[in-house]
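Opening the notebook on this one.

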Amino acid sequence: MNMMHYKGYEAVIEFDEDAEIFHGEVINLRDVITFQGESASELKKALAESIEDYIAFCTERGEEPEKPFSGQFVVRTEPKLHKAVSSAARREGVSLNKWVAMALERAVS
């Protein structure tokens with residue numbers, strides 16, 4: 001899968017063979033931002049314009065544009081697992097947040 005980046009936003013690109021057009025979608029936020037183009041240069045321009053339009057739209061509404069990957073997310077789990085993870089963190093002498101971050105780093109390495 002091909003990727004593009006603009007101002008910290010990340011997008012995946014696909015090619016529609018039937019329509020002979022590239023289309024992309026920003027993937028690192030909850031809001032939906034899509035764009036398309038017939039060439040690489042059109043696609044780059046469309047991504048930039050879509051991000052700038054998104055930022056302008058948020059500004060007009062008095063909202064802060066969503067930033068890509070703030071570093072925060074909510075994890076829901078069973079109380080039994082929550083207790084076990086909390087206990088493991090205490091045994092290692094680190095916060096629950098730090099323990100989970102270390103476990104995630106190990107998982108993706």
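Ground rule before anything else: I call two strands paired if DSSP finds at least two bridges between them. Helices (H or I, at least four residues) and strands (E, at least two) are DSSP runs, numbered from the N terminus. This is a predicted model, so local features need pLDDT of at least 70 and side-chain atom pairs count only at pLDDT 80 or more, while totals for chains, interfaces and linings use all residues. Residues are numbered from 1 along each chain as its sequence is written, and side-chain values use heavy atoms, with hydrogens and water left out.

I looked up the strand order and got 1-2-3-4 in an open, four-stranded sheet with antiparallel pairing. Strand 1 (2–6) and strand 4 (34–37) are at the edges with a single partner strand each, so one side of each has no neighbour in the sheet. From one strand to the next, the twist averages 30 degrees; for angles, axes are lines fitted to C-alpha atoms, for helices over the stretch in contact, and values run from 0 to 180 degrees between N-to-C directions.

**Entry 2, the pairings.** Strand 1 joins strand 2 (residues 9–16) through five antiparallel bridges. I find Asn2 opposite Ile13, and Met3 has Val12 as its bridge partner. Val12 also stands opposite Glu25 in strand 3. Strand 2 and strand 3 are antiparallel too, over six bridges.

The hairpin of strands 1 and 2 has two residues between them, and Lys7 in the turn has a positive phi of about 50 degrees. The hairpin of strands 2 and 3 has four residues between the strands, with Glu20 at a positive phi near 55 degrees.

Helix 1 (residues 40–60) lies across strands 1, 2, 3 (21–26) and 4, at about 155 degrees to strand 4. Next I checked helix 2 against helix 3: their axes are 9 Å apart and the angle is about 95 degrees. That makes the two roughly perpendicular, a label that covers 65 to 115 degrees. Contact (heavy atoms within 4.5 Å) involves residues including His82 and Val85 of helix 2 and Leu96 and Trp99 of helix 3.

What does a pocket need here? On a 1 Å grid over the protein atoms alone, where a 1.4 Å probe fits, a pocket is an open set of points with protein on both sides within 12 Å along at least five of seven lines, and lining residues have an atom within 4 Å of a point. I count 21 lining residues, with Gly71, Gln72, Phe73, Val74 and Val75 nearest the centre. Helix 2 (79–92) and helix 3 (96–108) each supply at least two lining residues, and helix 3 gives the largest share, five.

Definitions and conventions: Parallel < 35°, antiparallel > 145°, perpendicular 65-115°, else oblique.
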